[in-house]
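Hi,

Here is the structure I promised to send over.

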Amino acid sequence: MTGAIPLSWLDLSLAAGLMLAAALLSLLLQLGITRSFLVAAARMTIQLLLIGQVLTWLFAQRSLWLTLAAGCIMLLVAGYEIRSRQERRLTGGWTYYLGTGTLTLSCSLVLFLALTTQIGPDPWYDPRYAIPLFGMILGNCLTGIALGLNSLIARLEDDRRGIEAQLLLGANRWQALRPSLRHALRSGFMPIVNSMAATGVVALPGMMTGQILAGADPTEAVRYQLLVMFLIAGATSFGVIGAVMTTAWRVTDRRDRLRLDRLRQQ
Amino acid sequence: MAPLLQVVTLVREDLLSVGDITLRAGECIALRGASGAGKSLLLRALVDLDPNEGEVYLEGVERQQMSASAWRRKVAYLPAESGWWAPQVLPHMSDKAGAEALLATMKLPPDALAWHVSRLSTGERQRLAMIRALIEEPRVLLLDEPTAALDQAASAAVEALLLDLLSRERAIILVTHDAAQAERLAGRTLHMNKGRLTADAAA
């Protein structure tokens, strides 16, 4: 590793000038997005500068408890994100609990496995490895879960008559829900399948690009990227299956009834 | 002899509260009342499709003692509007030969099982949904307006089939707006209003 070429504040302001030019252009063309464009840019700048400070501090501590605390905060925010992406939610906070629960189980398990067996930093919880990896796994897993749950609920509402017709003919809840479950699982898997298929042909993944820019050997960067993709695929699969199945369990009951009354009224 | 179906109580929140209905083998009860009187709620509760409390027996066995799917195979409910889950008619039939045998009885052509569900008329749906339920050999049929969309010939064919089922120890609860049909099929009529039975006018 030769290390990254350091960027000065001047370099950054020149690049930011490009963005300001784009904002000016949108103002001239009266696109009506200048304001949100600038607000988003400002948010990004502040958020990234802050997280840079936080990560620098966190990496220097190398504390198990602080790393775990950071992981917990990330999980809670991700769970909230799943919940807020739902068109219709379960009553009683169940969408939040099931989403966050399955996310926690699948992502933590996969990360722990990767840290202790494959990457093996010393100590295993070294936040320099644990936190960025967890962020990448979590982000993809939450997208899959949010899509899977959304499509499950939409499907159950659309197919209500068909599902009840099967129940009436003596199917149990899992038999009657099978087509809806398959549909929901497919939607949840779609982003990770698509991104795996396109990776390296259409787009170079951001993480790999970052490593190459930072001076890493491309073959080395590719190996890291593959590892990360496998971890993401694993965590997303477990997460999507877990969240969709537990939600299906919640919208049915032991007497094989479809319980759409457990969805919040719109 | 234990009655085929016995409802001691059947309650769903404050929407439905009925009790003391006895249905013997070979008997048909007509269930009548204005729209929204709770007739469909009662039938849905009987097959345990909505959360409800109560005590219901089939040939002396309490409902909770069997699985919901076993119960619904014996007590079949045909809603006024049937649900379908595959594009073609055939995959809805658990027994192809059994379904084919019933087509002629229902005044449907022999190729009806190959039809697409989206192209069925309301009357065709109604009869195919009845075939789908009958091949499961239920003991009790809960029928919600089974001939509402049928012409006179098809309607008569369905009524003849129902009378034949009654003669073979089945029992029926029939929701109908047609007083003459109630007269032809049912031995007695129960009236419903606001989720409650109001009178049992013996025929």
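Let me start with helix α5 (residues 152–167) of chain B: this helix has 16 residues and reaches 23 Å from its first C-alpha to its last, close to the 22 Å expected at 1.5 Å a residue (the expected span is 1.5 Å times one less than the number of residues). Helices here are DSSP runs of H or I with at least four residues, strands are runs of E with at least two, and both are numbered from the N terminus. After α5(B) comes E169(B), with a positive phi near 70°.

Some housekeeping: this is a predicted model, where local features need pLDDT of at least 70 and side-chain atom pairs count only at pLDDT 80 or more, while totals for chains, interfaces and linings use all residues. Residues are numbered from 1 along each chain as its sequence is written, and chains are lettered from A and ligands numbered from 1 in the order in which they are written.

On confidence, chain A averages a pLDDT (the predictor's confidence in each residue, from 0 to 100) of 93, and 99% of the residues score at least 70.

Now the interface: 16 residues of chain A are in contact with 19 of chain B, contact being C-beta atoms, placed from the backbone, within 7 Å. On the chain B side, α2 (68–74), β6 (75–78) and α4 (122–134) each supply at least two residues, and α2(B) gives the largest share, four residues.

Finally, I192(A) sits in helix α7 (residues 173–198) of chain A. Leaving aside neighbours within four places in sequence, I192(A) is in contact with N140(A), G144(A), I232(A), A233(A) and T236(A).

Cheers

Methods: Two residues are in contact if their C-beta atoms, placed from the backbone, lie within 7 Å.
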